[in-house]
Amino acid sequence: MATTYDFPSDLLAGQEELHQVRAELSALLKRLPWSVEPLDGFSDTGGWRKVERPASPGWTPDEQAEVEKLRRREHELAVFVTTHRFWTEITAGDRVDARTSLKHAHER
């Protein structure tokens with residue numbers, strides 16, 4: 001039977017927000033043009049894998065700012081979660097299991 005951990009509420013909230021920020025950032029990056037800067041399109045059919053990109057208008061300053069804001073928040077949350085005082089209460093041998101359990105706590 002898997003071990004259950006009594007995660008502090010702030011750690012659970014931090015992990016949940018980290019999941020949300022990463023999902024939001026991923027969705028935003030999928031919507032944005034492939035290049036931050038305006039670039040011409042290209043086609044490379046001579047390699048082992050065909051690669052084509054349409055011309056990219058680049059990202060607007062607002063889009064760049066939104067990506068930067070989300071990346072900064074993702075970093076803050078990742079640091080908060082990984083350096084939380086809770087991890088000092090868990091034996092070194094159990095930390096990987098506990099960390100995995102925390103990552104999936106929102107699924108329960």
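Which helix does Glu74 lie in? Glu74 lies in helix H2, and the views below start from there. Keep in mind that this is a predicted model.

**View 1. Glu74, a residue of helix H2.** Skip the neighbours within four places in sequence, and Glu74 is in contact with Leu18, Val21, Arg22 and Leu25.

**View 2. Helices H1 and H2 packed together.** Here H1 (residues 9-31) meets H2 (residues 61-82) at an angle of about 150°, and the two axes are 9 Å apart. Angles over 145 degrees count as roughly antiparallel, so H1 is roughly antiparallel to H2. Their crossing is left-handed. On the H1 side, the residues that meet H2 include Asp10, Leu11, Gly14, Leu18, Val21, Arg22 and Leu25. From H2, among the residues taking part are Glu66, Val67, Leu70, Glu74, Leu77 and Phe80. Sort the residues of this contact by type and you get 12 nonpolar, 2 polar and 8 charged.

**View 3. Helix H1 from end to end.** H1 has 23 residues. From its first C-alpha to its last it reaches 33 Å, which is close to the 33 Å expected at 1.5 Å a residue. Which residues of H1 are buried? They are Leu11, Gly14, Gln15, Leu18, Val21, Leu25 and Leu28. What covers them includes H2 and helix H3 (95-103).

**View 4. Helix H1 against helix H3.** This pair packs at an angle of about 60°, with axes 10 Å apart. H1 brings Leu11, Leu12, Gln15 and His19 to the contact, while H3 brings Arg99, Leu102 and Lys103. By type, the residues involved split into 3 nonpolar, 2 polar and 2 charged. Two of the names here, Leu11 and Gln15, also turn up among the buried residues of H1.

**View 5. Ser101 in helix H3.** Is Ser101 buried or exposed? Its relative accessible area is 12%, and buried means under 20%, so Ser101 is buried. Leaving out residues up to four places away in sequence, Ser101 touches Tyr5, Phe7 and Arg108.

Key
Residues numbered from 1 in each chain as written. Predicted model: local features only at pLDDT ≥ 70, side-chain atom pairs only at ≥ 80, totals over all residues. Heavy atoms only, no water. Axes fitted to C-alpha atoms, helices over the stretch in contact; angles between N-to-C directions. Helix = DSSP H or I, 4+ residues; strand = E, 2+ residues; numbered from the N terminus. Parallel < 35°, antiparallel > 145°, perpendicular 65-115°, else oblique. Left-handed = near helix turned anticlockwise from the far one by under 90°. Contact = heavy atoms within 4.5 Å. Nonpolar A, V, L, I, M, F, W, Y, C, P; charged D, E, K, R; others polar. Expected span 1.5 Å × (residues − 1). Buried < 20%, exposed > 50% of the residue type's maximum accessible area, 1.4 Å probe, protein only.
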